[in-house]
Amino acid sequence: MIRRDVLRIGGMALGGLTIPRMLEAAGGRPDISCIIFFQEGGACQHDSFDPKPEAPLEIRGTFSSIPTAVPGVHFSELLPRCAKNFKKFSVIRSMYSKEAIHEKAKQYIFSGARPNNAFKHPVYGSVIAKELGPKNGLPPFVCIPRKDISADAGLLGSAYNPFITGDPAKKNFSVQDLTLPLGLTLEESAGRARLLSALDEEIRETEKSKVVEGMDYFYRKAFDLVSSQAARKAFNLDEEPEKLRDAYGRNTAGQGALLARRLVESGVRLAAVFHGGYDTHTNNDRTNKTLLPVFDRAFSTLLDDLEERGMLATTLVLAIGEFGRTPNINHSAGRDHWPGVFSVAAAGAGIPGGQVIGSSDAQGGAPKERPVSVEDLGATVYKKLGIDYTREYRTVGRPVRINSDGTPVRELFG
Amino acid sequence: MLKRAISALVLVLPLPAAAGDAVLLDPPGIVLAGPGAAQRLLVRRMDDAGEISDTASACQLSSTRPEIVEIQGTSVRAVAPGESVIAANCEGSVTGATVKVAAAGVPVEISFPRDVVSILTTKACNSSACHGSPAGQSGFKLSLYGSDPAADFKMIVEGHGGRRVNRADPQQSLLLRKPSFQVPHGGGHLFTKQADEYQTILNWLAQGARPSSGGPRILSIELYPKERIFATPGGKQPVVVVGRLSDGSTRDMTAEVRYSVNDEAVVSAVSNGAVTAKGRGLTVVMARGVGKTATAQMIVVDRASASRTTTPASDSFIDRQAFAKLRRVKLAPFPVTSDSAFLRRVYLDAVGVLPTTQETERFLGSSEPAKRAQLIDRLLERPEYVSHWLMKFEDWFRNSQYYSQGRTNASFKRYLAALIREDRPFDQAAREMITATGDTTVHPAGNFWHPAMDFMLKTFEVSKATPTVTRLFLGQRIECAECHNHPLENLTQEDFYGMAAFFARLRVKHGYAQYRRIWYNAREGEVLHPASKQAAPPKFLDGGVPQIAEGQDRREVLAEWITRTQTMQFARTAANRIWAEYFGAGIVEPADDFRSTNMPTHPELLDGLAKAFIEAGFRFKPLHRLILNSQVYQLSSRAPGRPGGADPLEKLLLARYEPRKLPAEVLLDAIVQVTGVPQEFTGYPPGTSPKDLVASIGATYFLTTFGVPRRDIMESRSQEPSLSQALHLMNSDAVREKIEKPGNILGQLIERTVNDREVLDALYLRAYSRKATPAQWQAVESYLASEKEAGRGRRRMFENVLWAILNSKEFQLNQ
């Protein structure tokens, strides 16, 4: 039976199944991976997924709304691709946070747990790294292009901090420390690795403590990564067709989203793409006019690309920011921090498309129906990835739940 | 039905035991109450080497005057006023206790906090999964494990429109009908109408359901045996809990508490009043009742060898305490380490640098018997001692760029450095910081308060100040009590806001430049308790009420209390922090998490260190000297035929030196030392050590990757290995440039000699404070031969050797 199945899957591989997906298909229940597109600074709900065309100008702003693939649902005119593609994702319009300062709010939405004075919660990627571990020799948690200060393993310790890629939109992009120094051949590198192993032999044989085992483990992983064709392939955007790279957008966010897809395809469990600039205290419209089209292109292409490769069903995709923006436009033509209500886009991993969950009031200032808390979103993320969201850690001498009292958003489970 | 009580006083006095084995009788100091009031006893035997035997079944209990106190199995029971002696006879070895039974009884009321709350605890009604959860359960909320009997009383008697309690017809009270399942109860059927629990609650209701009988309160509970060492799995140990009451009497609470075991792989959960040994290790059994907790340490040795363990003689109390415990668990300490291993270890631990080749050769060549002690004295006077411990002080005191935008970190750094350099009495420094006022650029002690500021709003927050002070100086984490009563401790929100009130009048002003901060006391101002919205009066953590004169700075009173009243705890906290740096873990671990449910592994040792610290006038250097000169500090990590680290007891019980990764700054300095290529930091002169950076945040990728903390939160720095660390040491330009720089140490060595072995030994001496073993030389020799064959030059080959050394575990570890 096994042979037949593998053959059958082998046939399907021609239809776009990638190698790791094939292995999972053969092994039964597929792993769910996650891509988080992080709109740093907090995107404006009015100018993205929750336009208020009926509201007065000082609230609705200057952008108009456009119909989407779902009759009756409108997005901002700045998101034409997402509007057309709405059948592939859901939008929560009644998300709210309780933190209005960037640092805390980012940590909150990136971990599903409210920051406190006692200890630092690990973020999703760190919990996932700890619970699910690495796959195919790749780091489980990767941040593109850099580590945001919120992206921290906190009480789990630095071993679960993210791996950082650098900016994939840069010319001659290569991941920090991942490639051998210029002039060092694989053969010479293997030689010195053998020498290192010989120098370490005594200690490896006679020291059994966790710290030494941990160092040994990460060195082996590091050598695997450096010498593995697959890993280098995963980070190599040059292998992507020019046309697809253009479709994603030739910028950090676009190439970052593409890199995230490649990484998840190869075994990374959570890839976060940080897209900055949404903190529009001044000149909201001018900023969003350039920023949101970048998001529109990257996010929409990502969903297309994932679907084409048969990966959408096994990849949870979220577009989040730390909060929304004030309903009223301020004196500097900007919008300030607004945790009262904002929108989140979610796709993949069984999330139905074309669905609007909850709603905000007429000003886009507070949830009107079905408020969704940051904790609820957290419970949803963990449940999608097969992690028990009631799990507790005791690393700081007290029980710390990875999620407190969140309820998975049932509409996202089809 | 009212109980008739007799106060019975049992005084336990040791009688001379027979030669050889000693007999231990626990708990001490029992005072019984009520007719037929009983107390379970524990009898154990200890041989002349201090080993406590597993079986006490051969022991007999007897009472000289059974008409006063009678024996029932393993319990004593008061019969009438008078005196009796209880003797425990174990095959000829005897110990005893004089028993005095006084005064005839008075009627005893059922006490709500003592009797009713006990039942709520043993039946888990007030556990976090049930009515003890922050939100309660089905509208009925109890304090977690009975920590707040007054609130529980209110909830039971007044809550739910008073329907939980029916004084006219007590049997109809919901408080009884629910747990006995006469009406549906989500928590199930907890006891029958015939059970003692039902009767006790019924009696309390019949007596009028009063908040307190006015009778004695339970002050503390104790769990016996306090330490139990099992030779093999399968051994059983009954546990006994005694409560100490405010009238001096005791109460057998063995069946009135809830037990939990931290690690059930070591001993089983408490079942039928006993734990069963399961596997090698150390764990803690905890008993909780009426808002009080008690703990006992359980060790399972599980080693086939029954032979006695011998330990070296020593006149250090550190060694005596640690070795006595090792003998009891039959775990032999590793031998004292070699001179070269000691040298590298003590340099890295005490001053955070590697010994130079010259220093190594001088030390290894010396035959002076006291050379280790002399080296320790010299090291403690070096400037690197200051910068190394400054790095740790900056971690503890969170000298973070995050709070002051990097502007005042330098002044605080200088302040802490002077404190360490001059070895100023720490109690004095603590008082200075806690009471600091003024402009932080002139009075740097005020920087102490920066972590208590809201980073964005630039306001002072008492909720941050309170845990900072208690954690730093008393090793107590009370931050959880800001939002809820401490789940494991008898620590409430009242306690938190009582402490917070000491900071209620502290204010901060921002000077003409954004970075200038001025701390001052306002004339008035109170902290409001979040529930009552009333001003919380200042109250010490132990419940004491401070005397504060009109116009006096409340912080002054607090600082006095911390350093002059809580002297031992203040000293324990400081000593434990230093200890943790040298041993990789505190005697209480985490080092700033003292609580009754987090036992020290070696309580007497910790107290000894604290006393030594106090006697030394709260100066750190004598403490360092004491620790570094102990044999326990100087033990090997491994021995021939005996790998280290496989057994978790080795670390917990101090049987060896636990290897650990070098901190980021120390590792970078070590790489600089070995390669001879200084690290450059923008804006600093050449030769700057990363420890000298002011607010090192974002200094280099190297430092953050290897765990330099942001110092914005109170977590200890992470010393865990990671993938990014391995990749960075292996492949980064930062490290490669040091290896390849012309004229670096490699360049000099290769120029100096054509002898490859000499080059290798010189590198080894620099990196490891020793020469290469024959096996290592052989490995390198054959590597060099094959590289030569591949056509690589001598310099290039040695660059790869140096790369391997810097990436080796031995280099990255202190061991």
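Colleague: How do H23(B) and H27(B) lie to each other, and why is that term applied?

Modeller: This is a predicted model, in which local features need pLDDT of at least 70 and side-chain atom pairs count only at pLDDT 80 or more, whereas totals for chains, interfaces and linings use all residues. Residues are numbered from 1 along each chain as its sequence is written, while chains are lettered from A and ligands numbered from 1 in the order in which they are written.

Two packed helices are described by the angle between their axes and the distance between the axes. Helix H23 of chain B, residues 733-740, packs with H27(B) at an angle of about 130 degrees, the axes being 10 Å apart. Here axes are lines fitted to C-alpha atoms, for helices over the stretch in contact, and angles run from 0 to 180 degrees between N-to-C directions. H23(B) and H27(B) are therefore oblique to each other, since angles under 35 degrees count as roughly parallel, over 145 as roughly antiparallel, 65 to 115 as roughly perpendicular and the rest as oblique. Their crossing is right-handed, meaning that the near helix is turned clockwise from the far one by less than a right angle.

H23(B) makes the contact with Val735(B), Ile739(B) and Glu740(B), and H27(B) with Glu799(B), Leu802(B), Trp803(B) and Leu806(B). Contact requires C-beta atoms, placed from the backbone, to lie within 7 Å. The contact of H23(B) with H27(B) comprises five nonpolar, no polar and two charged residues; Ala, Val, Leu, Ile, Met, Phe, Trp, Tyr, Cys and Pro count as nonpolar, Asp, Glu, Lys and Arg as charged, and the others, Gly among them, as polar.

As to the surroundings, the contact between the chains takes 52 residues from chain B and 40 residues from chain A. H27(B), residues 794-807, is among the elements that give two or more residues to the side of chain B that touches chain A. H22(B) gives the most to that side, with eight residues. By class, the side of chain B that touches chain A has 19 nonpolar, 19 polar and 14 charged residues.

Chain B as a whole has 28 helices and 26 strands, that is, DSSP runs numbered from the N terminus, helices being H or I of at least four residues and strands E of at least two. Its C-alpha atoms fill a box of roughly 100 × 75 × 50 Å along the principal axes.

Note on methods: Two residues are in contact if their C-beta atoms, placed from the backbone, lie within 7 Å.
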